[in-house]
Structure formats: C-alpha cells, structure tokens
Amino acid sequence: MLDSLKTGLRAAIKKVVSAGGVDAELIKDLSKDVQRALLQADVDVKIVIAVTKRIEERASEEKPPPGLSRKDHIVKILYDEIAAMLGRDAEFEFRAGAQTRILLLGIQGSGKTTTAAKLALHLTRGGYKVAAIGADTHRPGALAQLRDMCARARVEVYGEEGGRDAVSIVRAGLEAVGEAPDVVIIDTAGRHKEEGALLEEMRTLSEAARPDLALLVIDGTMGRQCGAQAAAFHKAARVGGIAITKLDSTAKGGGALAAATETGARVMYIGTGERIGDIERFSSTRFVGRLLGMGDVQAVLDMARRLEADADGDQLRRMKRGKMSMEDFYSQLEGMARGGSLRGMIESMPGIAGGMKEGQLDGMDERIERWRHIIQSMNGAEKGDPDTINSSRAKRIARGSGSSEREVKELIKAFNNSKGMMKSAGGRQMQGFLRKMGIK
Ligand SMILES: Nc1nc2c(ncn2[C@@H]2O[C@H](COP(=O)(O)OP(=O)(O)OP(=O)(O)O)[C@@H](O)[C@H]2O)c(=O)[nH]1
Ligand SMILES: [Mg+2]
C-alpha cells in the first residue's frame with residue numbers, strides 16, 4: 001500500500017539514523033526527502049510545504065526529552081507531523097443499547113456497495129448484529145450486488161427489486177429490520193446525471209434515515225481531488241466520517257488522505273482491496289507507523305511521553321556521574337516492562353530495530369524478567385554495591401530467585417557495563433544503553 005511513499009519516507013529516516021551527527025544540513029536533507037516522497041504521493045504542495053517546514057523547525061529547535069537521542073527525537077517529530085497531516089483519529093463510537101444507522105454516500109464507483117458489505121462483515125466480526133438496506137434505485141443490478149456481497153458476511157439485506165424511490169425504501173427497510181440489529185447499513189446510489197441531483201437525493205435520504213453516521217466513501221485513486229468532493233458532500237449531508245477505498249493500488253493515496261482530512265471530517269476506514277475482508281479502521285498514528293516500518297508508532301510516542309513524564313532528575317544525575325545503583329538499574333528495567341514487551345519497544349525504536357539481526361531479541365524479555373527476580377532477591381547492601389556480591393552471596397541470591405549463579409553474574413556484568421556507558425554517554429543514549437546490555 002502506498003509503496004512509493006513508504007519507500008521514500010523510509011529512505012529519509014534511514015539517512016537520519018545512519019548519519020554521524022545531527023546538523024543543519026542533515027535536517028535540510030530530511031526535509032527535502034520528505035517533500036519529494038509526499039509530492040510523489042500526490043499530497044497538495046501547500047500541505048507539503050507546511051508540514052516539512054514544521055519538521056525543520058521542530059528538528060532544529062526542540063530539545064529531545066532525557067533518554068531519547070537527538071536522532072530518535074527527529075524521527076519522532078517526523079511521525080508526529082505526518083500523523084497530524086493525516087488528521088486526528090475519528091471519535092465515533094457505537095452507543096450501547098441503541099441502534100446505530102450508517103448511511104453511505106459517495107459518487108459512482110467510489111466503492112459504496114463494496115464498503116457496505118465490508119463494514120457488514122467487519123462489524124459482525126466485532127460482535128454486532130448487522131442488517132443492510134439497499135437504497136440504490138439508479139444502478140441496474142445494485143441490489144443483487146449488495147445481496148451477493150452481504151451474503152458472504154451472512155448479513156440480511158432489505159431491498160425492493162425495481163424499486164420505488166430511495167426514501168420510501170429506506171423508510172420501509174428501517175421498519176422491516178426493526179429494532180433487533182445493532183447496526184443498520186444503508187447503501188445508496190452514486191449514478192446520477194449530475195452531482196447536484198445526487199447531493200439533493202442524499203440530503204433527503206439523510207433526513208429520512210436520520211443516520212448516526214453519514215459515511216462518505218471516496219476513491220483513493222483520485223488523489224488530492226478528493227478534497228473538493230468531500231467538501232461538497234460535507235455541505236449536503238453532515239458527513240461524520242470518511243472511508244477511503246482502493247488504497248491498495250494507488251500512488252495517490254497520500255493525497256487522498258491529506259485532502260480528506262482537510263475538510264474537517266475524519267477518515268474512519270480505509271479499503272485496501274477488492275475482497276470483503278479488505279477494510280480497516282483508520283488510525284493515523286498506526287498508519288504512519290506502518291508506513292515508516294517501525295512497528296507501532298504509538299509505542300514510540302508512549303515511550304517519549306513516559307521519558308518526559310518520569311524523567312527522575314536525581315536518578316539521571318546519579319547515572320551520569322556513574323553512580324547508578326542497582327535500584328536505578330531495576331527502575332530502568334521496570335520502565336521497559338511498563339512500556340510493553342522489550343521486543344515491542346525495541347522494534348518500535350527508530351534507529352535500533354534497523355540494526356538488529358533476526359533472532360537477536362529472542363529470549364530477551366525472559367532474560368530481563370529473570371533479572372528482575374534476581375534483583376528482588378538482593379538485600380539493600382547488595383543492591384547499593386553489587387561488587388560485594390561474592391560467590392556465596394551469588395549462590396544465595398540465585399536460590400532465592402530460582403535462577404543460576406551464572407545468571408546472577410551475567411546480571412552484574414550487564415549492570416557494570418551499563419553503569420560505565422551511562423557515565424560516558426551522559427545518560428542520554430538509550431541505544432547505547434541497550435547495546436551495552438548485550439542486546440545490540
Ligand atoms: N482494489 C480495490 N478495489 C475496490 C475497493 N473498493 C471497491 N473497489 C472496486 O471498485 C469498484 C466499484 O465499487 P462499488 O462498491 O460497486 O462502488 P459504488 O460506489 O457502489 O458504485 P455505484 O453503485 O455505481 O455508485 C468495484 O470494482 C470494486 O471491486 C478497494 O478498496 N480496493
Ligand atoms: Mg453501489
């Protein structure tokens with residue numbers, strides 16, 4: 001999906017990560033690379049300039065939070081800004097105990113009927129009871145297409161063959177399906193001689209159906225033209241969300257996403273193929289994370305936030321002076337555990353994951369878990385000065401923590417390594433910290 005954007009952005013990041021140091025030239029370079037990648041994805045020039053300007057400004061001016069290297073921070077800024085460009089995540093939630101009506105709208109061929117069936121399956125899998133209404137009276141075979149696709153989701157479709165007008169079908173349909181379904185999905189026509197008539201029908205349909213969500217379906221291959229379309233529909237019916245289809249096959253998807261979010265309505269779903277399962281709930285942060293190939297971007301953001309929030313000044317100062325205690329080391333391990341699995345965290349850390357070989361992380365979570373047990377078995381004096389741990393103490397600690405003497409020694413070695421490293425790197429470089437712990 002969006003292959004050229006993906007390749008362009010990843011190359012840009014790789015350049016940053018493998019650079020010797022961060023300087024003005026590197027930041028300028030990054031900005032240019034990102035510009036090129038976004039323009040190729042058909043993102044509007046004005047948006048591209050605004051986004052890259054912000055990236056440049058933030059990368060030059062902001063100080064990374066303690067614990068995050070300058071390079072990783074720049075990558076985080078890139079994540080932030082591209083996610084912001086793609087819009088905030090939609091907030092629409094289904095209400096408990098009430099029926100939710102979803103009205104699909106969009107021009108012909110945008111993917112409404114396909115999206116109706118995809119949603120029917122997606123929501124059925126999510127545990128909702130779903131019904132559909134076919135209210136496209138303009139396109140021959142529209143009802144048969146909807147029935148056929150919804151059958152694959154085992155969802156019933158109300159429709160009238162050779163039907164009367166759409167409004168009366170929707171009224172009759174809502175009555176026929178009754179209160180039992182949690183969600184009713186209404187498919188509408190896109191085939192009108194002119195856009196004005198289509199918009200007018202959508203306005204009357206919207207009045208009749210009183211949808212909880214008017215979901216505008218737009219074709220991702222249209223690139224940045226999507227913006228004007230979204231704006232026109234937005235005026236006719238209160239569009240609550242947007243589904244962008246055909247993101248599997250297009251280089252222009254970046255333009256579609258950026259343009260759609262400019263209207264103020266949020267992108268809720270994306271279609272990534274012709275099959276009924278090819279739909280996903282859109283989250284800009286997750287999407288950017290995947291584009292950039294660093295695992296779940298949320299993990300990076302969470303970690304940056306956590307480092308900002310609990311950067312314990314004293315602890316950091318102690319570590320920088322090489323006075324890290326076993327307690328400090330323990331709290332570092334705790335921090336990792338809180339951030340999810342170590343593997344998850346490392347995979348999400350730009351600059352680290354790239355240099356890892358497959359298999360290098362295997363067993364690391366378990367190893368750290370064991371170290372935590374070992375530290376818990378030490379007494380206060382031993383934690384304060386692990387050098388006092390001689391062989392007989394190591395045996396005792398091993399017994400108390402259900403580990404071996406060798407593992408106790410291994411922990412002490414990792415501790416000493418990381419103590420030295422914290423001192424030399426000024427306590428900032430998580431990357432080096434991990435390397436000294438034998439991960440990289
Ligand atoms: N590759 C790909 N094709 C899609 C996707 N969504 C829809 N399509 C295709 O786009 C074409 C039009 O889809 P429909 O669902 O019939 O579009 P529509 O908006 O209902 O069209 P009208 O009813 O004529 O207005 C079909 O050939 C679909 O298979 C998608 O996410 N990816
Ligand atoms: Mg259709």
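**Reading the features of the model**

Analyst: Helices H1 and H2 are roughly antiparallel to each other, in what is a predicted model. In general, a pair of packed helices is described by the angle between the axes and by the distance between them. Here the axes of H1 (residues 3-18) and H2 (residues 24-40) cross at roughly 175 degrees and come within 8 Å. Angles over 145 degrees count as roughly antiparallel, and H1 and H2 are therefore described in that way.

User: Which residues of H1 and H2 make the contact?

Analyst: On the side of H1 they include Leu5, Leu9, Ala12 and Val16, and on the side of H2 they include Leu26, Leu30, Val34 and Ala37. Sorted by class, the contact comprises nine nonpolar, three polar and four charged residues.

User: In what order do the strands of the sheet lie?

Analyst: The sheet is open and has eight strands, in the order E3-E2-E4-E1-E5-E6-E7-E8, with mixed pairing. At its edges are E3 (157-158) and E8 (279-281), each of which pairs on one side only. Within the sheet, E1 (residues 100-105) and E5 (residues 213-219) run parallel and are joined by four bridges. In this pair, Ile102 of E1 stands opposite Leu213 of E5.

User: Which strands does helix H7 touch, and which does helix H10 touch?

Analyst: H7 (residues 166-177) packs on the sheet against E2, E3 and E4, and its direction makes about 160 degrees with that of E2. H10 (residues 253-262) also packs on the sheet, touching E5, E6 and E7; its direction makes about 175 degrees with that of E6.

User: How many residues surround ligand 1?

Analyst: The shell holds 22 residues, and the closest are Gly111, Thr113, Thr114, Gly190 and Gly271. Helix H5 (residues 112-125) supplies the largest share, three residues. By class, the shell has one nonpolar, 13 polar and eight charged residues.

Technical notes
Residues are numbered from 1 along each chain as its sequence is written. Chains are lettered from A and ligands numbered from 1 in the order in which they are written. This is a predicted model: local features need pLDDT of at least 70, side-chain atom pairs count only at pLDDT 80 or more; totals for chains, interfaces and linings use all residues. Two strands pair if DSSP finds at least two bridges between them. Helices (H or I, at least four residues) and strands (E, at least two) are DSSP runs, numbered from the N terminus. Two residues are in contact if their C-beta atoms, placed from the backbone, lie within 7 Å. Axes are lines fitted to C-alpha atoms, for helices over the stretch in contact, and angles run from 0 to 180 degrees between N-to-C directions. A residue is near a molecule or strand if its C-beta atom, placed from the backbone, lies within 6 Å of it. Ala, Val, Leu, Ile, Met, Phe, Trp, Tyr, Cys and Pro count as nonpolar, Asp, Glu, Lys and Arg as charged, and the others, Gly among them, as polar. Angles under 35 degrees count as roughly parallel, over 145 as roughly antiparallel, 65 to 115 as roughly perpendicular and the rest as oblique.
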